[in-house]
Amino acid sequence: EIHIKEPIEKEVNPCLLPGELLLCEASTVYKYIQEDGSNRGTYGKLVCTNFKIAFLDDDSASDDNEPQFKNKIVGENDITLQCVDQIYGVYDEKKKLLTGQLRKYPEKLIIYCKDLRVFHFCLRYTKEEEVKRIVSGIVHHSQTPKLLKRLFLFSYASAAPNNTDGRNQTVMFDTLEDWRDELERTKGNVKYKAVTTNEGYRVSEKLPLYFVVPICVSEESILKYEGRGIIWCWSCHNGAALLKMSAFPKEQDDSTSQTQKAFLDGIYKTISKPPYELLKTDDLSSSLPSLQDIQTAYTRFKQLFLIDSSTDFWATDVKWFSLLESTNWLEIIRRVLKKAIEVAECLERQHTNVLLIEESATDLCCVISSLVQVMMDSYSRTKSGFQSLIQKEWVIGGHGFLDRCNHLHKSDKEEAPVFLLLLNCVWQLVQQYPPAFEFTETYLTVLSDSLYVPIFSTFFFNSQHQKDTNMSGESLKTQSGPFRFLTVWDWSVQFDPKAQAFLNNPLYAEKPKPDKSQRKTARFKHQRQLSLPLTQTKSSTKRGFFREETDHLIKNILGKRIGKFINSSDEPPNSFREFYDSWRSKPVDYHGLLLPRIDGPEIKVWAQRYLRWIPEAQLHGGGTIATAAKILDLMEEVQSLQVKMDEEHSQAI
């Protein structure tokens, strides 16, 4: 028996953003609160716009029960079209996936979201005409392939006022100065330079306008090989650098493989001269799981959290650990973290440059290079530093967000949660070493949700070139100048100051300011390290690339992936373990190197992101957010006492 609440008499209208249009709506839709068999719920109106699907009940009209942590753009009953994962219809108690044209309309609609929410709507009491309109509208607008310019991003950018907050601390890496500053910050400018060769995208549309290469690389060679070659990511304090390079596709005719041989010979000549005598290459496509494996594992993993009812929850609870194990998702996180530790060991202990190779150098390369920087560079553990890192390695670095998140529903084959994989790995570090990070796990959760909010341009393009070519607003008559897109890093768009407080870690161990006297000695030591490899006691014939190894290198980069060669260094295999254990035996320096704990149960499920919508998994009035709120209150109290003490003190004087 359904406990019927009287249908709403007063009209509830959706709050629309600039550029947002109401496409279809249905009234007297019944939304189940929690599918626990009791069928409790509320009546309301279900609407679909060009931005979101929203359920409006009479509660949404009143502001009495405002939560403390509220998103200004997406309410708790709103689902952006990009956030819809799958839609099921229920016909006579049977679930059926809805796609494309529908012959028969369901009596119940279940929407599974990419942020793992599950919505159940009952359409039995809705007029048949409205059911047809709303169901086909929702399926059409959220599941069928669309054109890039049809994204809400463009409607919003042309209609919204341009009042973006200019005081954003994040380095965007879209100017030459940004790259030069980064080189200076990491002391990489001794051996590397920022180049303008790709201005106007004359070298390659895949590369950003500006990037950094070894000093000895000439502009001609960049043009000749269409920007293929070694690109700098980051430099370690001892001068060793993290580099990346895209591998060549496997099938070619003779003439192209000739130019590639010449190109690789050129690379070899570069590598055999300083600063590359020490270089370890790592082909990530053979040493890490494929994108397909990552996608399969994540698809299995998320099924554990998309739960229809309380009964389902308790049924899976019994087999929870074996189900978790069988998804392989935590194992992938472990392998990625282990690879990042291996790279960190080469840079930190062996003073060896590391060259990451991948087909396009825009997927796993981004994950590993970002993780290494988070582990080795405390600047990347501040909020603005982490945001700048994402800009540098992912947004400007050319990660295909549009394809990997499948925002346009063009091809499921391209889809893979690569960026989510990075956030999951960073979360492991955040929960193992909370004082080392200026941001919280809530920040990471909110960032993962922002992947599906199409009012920010950050995660809705495949490359800087694609964004730049679509910036001009010629297709819209109202628009004269180029579009002004928002960046996700302006958190004030989504949250008011009170909610933003939850993104910052109140217990962050800030860096102590060094004395002047100490600073001088440190700087002197740094220069000495750059010029003399301190670890070189024995001759380094094997570790560098010399003539007999070049053919191996050429074969390897051409795609004949020789696994043995990749790992060939004269380091014994347990050097990784030794490095790891010796680091673990010392007290943690929150501003130095951080290595994740990766043994056994140390790799955990990011509970806040994955379990937050399941009532059975919640601690009422508890959990990390409750703790954070308590700490924030305490901090406020301490600050106000400090102000009082200062006042008393100044009065006494």
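**Overview. The protein has 24 helices and 14 strands.** Helices (H or I, at least four residues) and strands (E, at least two) are DSSP runs, numbered from the N terminus. The model is predicted: local features need pLDDT of at least 70, side-chain atom pairs count only at pLDDT 80 or more, and totals for chains, interfaces and linings use all residues. Residues are numbered from 1 along each chain as its sequence is written, and side-chain values use heavy atoms, with hydrogens and water left out. Of the 653 residues in the protein, 52% are buried (under 20% relative accessible area; exposed is over 50%, partly exposed in between; 1.4 Å probe, protein chains only). Among contacts (heavy atoms within 4.5 Å) with a separation of 6 or more, 72% come from residues 24 or more positions apart.

**View 1. Helix α15 (residues 418-432) packs with helix α16 (residues 441-450).** Their axes are 10 Å apart, at an angle of about 175 degrees. Axes are lines fitted to C-alpha atoms, for helices over the stretch in contact; angles run from 0 to 180 degrees between N-to-C directions. That makes α15 roughly antiparallel to α16 (over 145 degrees; under 35 is roughly parallel, 65 to 115 roughly perpendicular, the rest oblique). From α15, F419, L420, L423, V426, W427 and V430 meet E441, L444, L447 and S448 of α16. By class, the contact has eight nonpolar, one polar and one charged residues. Here Ala, Val, Leu, Ile, Met, Phe, Trp, Tyr, Cys and Pro count as nonpolar, Asp, Glu, Lys and Arg as charged, and the others, Gly among them, as polar.

**View 2. An open sheet of four strands runs in the order β11-β12-β14-β13.** The pairing is mixed; two strands pair if DSSP finds at least two bridges between them. β11 (231-235) and β13 (279-283) are the edge strands, each pairing on one side only. From one strand to the next, the twist averages 20 degrees. Four antiparallel bridges join β11 to strand β12 (residues 241-246). W234 stands opposite L242 in β12. Helix α11 (residues 329-348) lies across β11, β12, β13 and β14 (353-358), at about 145 degrees to β14. Helix α12 (residues 364-376) lies across β11, β12 and β14, at about 150 degrees to β14.

**View 3. Strand β8 (residues 118-122) is mostly covered.** Four of its five residues are buried. Strand β1 (residues 22-32) pairs with β8 in the antiparallel sense over two bridges. Y30 stands opposite C122 in β8. Strand β7 (residues 108-113) also pairs with β8 in the antiparallel sense, over five bridges. I110 has H120 as its bridge partner in β8. The hairpin of β7 and β8 has four residues between the strands. There, L116 takes a positive phi near 75 degrees.

**View 4. The structure holds 41 aromatic pairs.** Rings of Phe, Tyr and Trp (its six-membered ring) pair if their centres lie within 6.5 Å; planes under 30 degrees apart count as stacked, over 60 as edge-to-face and the rest as tilted. The rings of F401 and F459 are tilted, with centres 5.0 Å apart and planes at 55 degrees. F401 sits in helix α14 (residues 401-404) and F459 in the loop between α16 and α17 (464-469), 58 residues apart. Both F401 and F459 are buried. F461 and F485 form a tilted pair: 5.7 Å centre to centre, 55 degrees between the planes. F461 lies in the loop between α16 and α17 and F485 in the loop between α17 and α18 (497-500), so the pair ties together parts 24 residues apart in sequence.
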